[in-house]
Amino acid sequence: MKVLVTGADGQLGHDLVIELEKRGHTAIPTDRNEMDITDAEVVERVITDAAPDAVIHCAAYTAVDKAEEDVEVCRNINAQGTRNIAASCDRLGCKMMYISTDYVFDGEGTRPWEPDDEVTTPLNVYGETKYEGEQAVRELVEKFFIVRIAWVFGVNGNNFVKTMLRLGKQNGAVKVVDDQIGSPTYTPDLSVLLCDMIESDRYGTYHATNEGLCSWYEFACEIFRAAGMNDVKVTPVSSGEFPVKAKRPHNSRLNKDKLTANGFNRLPAWQDAVARYVKILESQE
């Protein structure tokens, strides 16, 4: 199978290309230099020339706080860019997988969000524009997967784990919010699932994160435990004590039963993923 991957220089795109090639597929990695997704003509030309069997769309504007001021650019990438890709996939009749986010939900309550729950009021511009991308995919593409993920970390790029380890070494102490609950997502684990999905025809909207729930505070504590940095002081604080431009959801619990119902293997526990990831980071030092 020939699979074009957007955002191939990002955390997830990088690992997806590795997993696709490991399985004997032809991966066609693209980044913003090779395909500006906001330019419909460029998208049409690149995807038509590649003639893929599937497109996995990872590229996105992900600077959540900056998006509150950079609304037009964020919308152009996440909404219009996705619409451009969806239109090309529709014309070619190929599969499309769109990577979305827990931020499409309003974050209220404690019930895990179902993949088919109605989306009403995303809390920030990033969430709004990612949902607009979802709508474009559903509108234009027949053979689509929409996969919502959360709290992503991987080797290629910056993320919460790297930030915590850096701050812990620099300062010996960190403050982390403890009133936002969700599940981390390790990109090598996710890449295995996404490849399983793109090889199938079990289309639809799914949630995919590593198993188990935690707060950001508990996530940080586990990172330092896995790294043997037990002397780092981790202080829990409320979201109100940690002001940011973009409001974050308190409830990012995602129900993943639909994966099981469709015969897909769920990801390992998030603690296990953290342990494996920290070992990789230590080996790179």
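**Reading the side chains**

Analyst: K258 lies over the face of Y206, at 5.2 Å from the ring centre. Please keep in mind throughout that this is a predicted model.

User: Which ring does the charged end of R202 sit over?

Analyst: The charged end of R202 is placed over the ring of F264, 4.5 Å from the centre of that ring.

User: How is a pair of aromatic rings described?

Analyst: Two quantities describe such a pair: the distance of the centres and the angle of the planes. In this structure, a search of the whole model finds 14 aromatic pairs. One of them joins F105 and W113, with 4.5 Å centre to centre and 5 degrees between the planes, and this pair is stacked. Both F105 and W113 are buried.

User: What are the distance and the angle for W151 and W216?

Analyst: The rings of W151 and W216 are 3.8 Å apart, centre to centre, with 25 degrees between the planes. The pair counts as stacked because planes under 30 degrees apart are given that name. The pair also links distant parts of the chain, 65 residues apart: W151 is in the loop between β5 (144–149) and β6 (152–153), and W216 is in helix α8 (residues 216–226).

User: Are W151 and W216 buried or exposed?

Analyst: W151 is buried, and W216 is buried as well.

User: Which residues do ring pairs link into a cluster?

Analyst: The cluster consists of W151, F153, F160, Y186, W216, F219, W270 and Y277.

User: Where is A8 found, and is A8 buried or exposed?

Analyst: A8 is found in the loop between β1 (2–6) and α1 (11–22). With a relative accessibility of 13%, A8 counts as buried, because the term applies under 20%. Leaving aside neighbours within four places in sequence, A8 is in contact with G13, H14, V17, P29 and T30. A separation can also be given between C-alpha atoms: those of A8 and M35 are 11 Å apart, while the two residues are 27 residues apart along the chain.

User: What does S200 touch, not counting residues up to four places away in sequence?

Analyst: S200 touches K95, F145 and F264. S200 itself lies in the loop between α7 (187–198) and β10 (204–207), and S200 is buried, with a relative accessible area of 7%.

User: How many salt bridges are there?

Analyst: The count comes to 20 salt bridges. One of them is formed by R75 and E132, whose closest N and O atoms are 2.8 Å apart. R75 lies in helix α4 (residues 71–92) and E132 in helix α5 (residues 125–140), so this bridge ties together parts that are 57 residues apart in sequence. R75 is partly exposed, at 29% relative accessibility, and E132 is partly exposed too, at 27%.

User: Which helices hold E139 and R83?

Analyst: The side chains of E139 and R83 meet in a salt bridge at 2.9 Å, N to O. E139 lies in helix α5 and R83 in helix α4, so the pair ties together parts that are 56 residues apart in sequence. E139 is exposed, with a relative accessible area of 54%, whereas R83 counts as partly exposed at 28%.

User: How many residues apart are E134 and R138?

Analyst: E134 and R138 are 4 residues apart in helix α5, which means that about one helical turn separates them. They form a salt bridge with their closest N and O atoms 3.0 Å apart. E134 is buried, with a relative accessible area of 0%, while R138 is partly exposed at 31% relative accessibility. Elsewhere, salt bridges that share partners join E19, K22, R23, D196 and E199 into one network.

Definitions and conventions. Residues numbered from 1 in each chain as written. Predicted model: local features only at pLDDT ≥ 70, side-chain atom pairs only at ≥ 80, totals over all residues. Heavy atoms only, no water. Phe/Tyr/Trp six-rings, centres within 6.5 Å; stacked < 30°, edge-to-face > 60°. Buried < 20%, exposed > 50% of the residue type's maximum accessible area, 1.4 Å probe, protein only. Helix = DSSP H or I, 4+ residues; strand = E, 2+ residues; numbered from the N terminus. Lys NZ or Arg CZ within 6 Å of the ring centre and 35° of its normal. Contact = heavy atoms within 4.5 Å. Salt bridge = Lys/Arg side-chain N within 4 Å of Asp/Glu carboxyl O.
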